[in-house]
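Please open the model in your viewer and keep the sequence beside it. The tour below moves from one selection to the next and says what is there.

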Amino acid sequence: MHFVDKKTYPEYTEIVELLADFSKKEMPKWRTYKNKKPRRTPNGLWTDAKIREPLRNLFLECCGYCGERLYKNEKENKYRGQVEHFVPKSNQYAIDNDLVYNWDNYIWSCPSCNTDKGTYFDLDVMLFNPCDATDCSYIFFNADKGNYQLKKEIIDKKIIERYKKTFDEKLSLINEKMDNRKITLNQVDVFLNSIKKFQNLYKKRKVEKFLTNINKNKNKLIEYYKQASYKLLIKETVLEFNKKQKTNISLI
Ligand SMILES: [Zn+2]
C-alpha cells in the first residue's frame, strides 16, 4: 500500500465537479431506494469510463491495496479493476456524508481486495487508506519478507489495532501476495545494483563499455517496470535507492 495523491490528477477539479452534479441528482434516490419495493439501484457513475479511466491512471493500473497489476481483458476489452468505495456506499455514513459520488472516496481495487474488504466500516477502527498520507507513513515495505509492516516507532495502540484489522484480517490477501512482491522487487534490485556498479566503474575508468552497460540495465529496468505489477512499490523503491545511493535513476 503506497500513498496516491488524488489531488495531483490533472483533471481533479473537473472530476470533482462532475461527481458533485451527479450526486445532487442521484443522492435523493440513494436515500430512499433501500426502503422502496421493488428496489431500483440508482445510477453508478463510478462504472463509467469518465471515473474508471482517471482512477486507473492515477493508481498506475495497480490495486491500491495489494499492488497487483490489473491487466486488460483483451476479449472483453476491459480492465479488471474496480472502483472501490473506501467508505462503503451501502453504509449510512457514506449516504449522510455525500460519499457515494465522491472522488476522494474511490480506490482502484482488484476484485479480491474489494470482496475481502466488503462492507466493513468502523469509525473506531478504520482500515488504512492508500490515499491518506498519514496512514501510509506508518508502514513500510519489508523487502526480505515481501509484506507491509508497521514502523517500529509506532506505539499508539489504536494505530496498531487498525494495522492488524487492515493487513491481518480484512485485507489478508495483501500478505498472501508476499512471494510475488519479493520476486518483483528482487528483480528491480538486480537492475538498480548493476546500474550503480557500472556507474562506479565508469567513474574510476572512463571505458565506453561501462556506459553501454549502464544504459542496457536502465533500459531493462524501464521495460520491466512497464510490464510489472506493484508499480507504486517499484517507484518508491527506485526513489529510496536514489536517495540512499546518491544515484539519479529514472523510470521513464
Ligand atoms: Zn488487491
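Begin by colouring domain 1 and domain 2 separately, and you will find their C-alpha centres 31 Å apart. Domain 1 covers 6-176 and domain 2 covers 179-245, with bounds that come from an automatic or database domain assignment. Before going further, note that this is a predicted model, in which local features need pLDDT of at least 70 and side-chain atom pairs count only at pLDDT 80 or more, while totals for chains, interfaces and linings use all residues. Residues are numbered from 1 along each chain as its sequence is written.

Next, look at where the domains touch: nine residues of domain 1 are in contact with 10 residues of domain 2, contact being counted when the C-beta atoms of two residues, placed from the backbone, lie within 7 Å. The domain 1 side has four nonpolar, two polar and three charged residues, where Ala, Val, Leu, Ile, Met, Phe, Trp, Tyr, Cys and Pro count as nonpolar, Asp, Glu, Lys and Arg as charged, and the others, Gly among them, as polar.

Now select residues 139-142 and 147-150, which are strands E5 and E6, paired in the antiparallel sense over four bridges. Strands pair if DSSP finds at least two bridges between them, and the elements are DSSP runs numbered from the N terminus, helices being H or I of at least four residues and strands E of at least two. Phenylalanine 140 stands opposite glutamine 149 in E6, and asparagine 142 has asparagine 147 as its bridge partner. Between the strands of this hairpin lie four residues, and glycine 146 takes a positive phi near 90°.

Move on to helix H8 (residues 178-204) and helix H9 (residues 208-227), which pack at an angle of about 160° with their axes 9 Å apart; axes are lines fitted to C-alpha atoms, for helices over the stretch in contact, and angles run from 0 to 180 degrees between N-to-C directions. H8 is therefore roughly antiparallel to H9, a term used for angles over 145 degrees. Among the residues that meet here are Phe191, Ile195 and Phe198 in H8 and Phe210, Leu211 and Ile214 in H9. By class, this contact has 11 nonpolar, five polar and two charged residues.

Terms used. Parallel < 35°, antiparallel > 145°, perpendicular 65-115°, else oblique.
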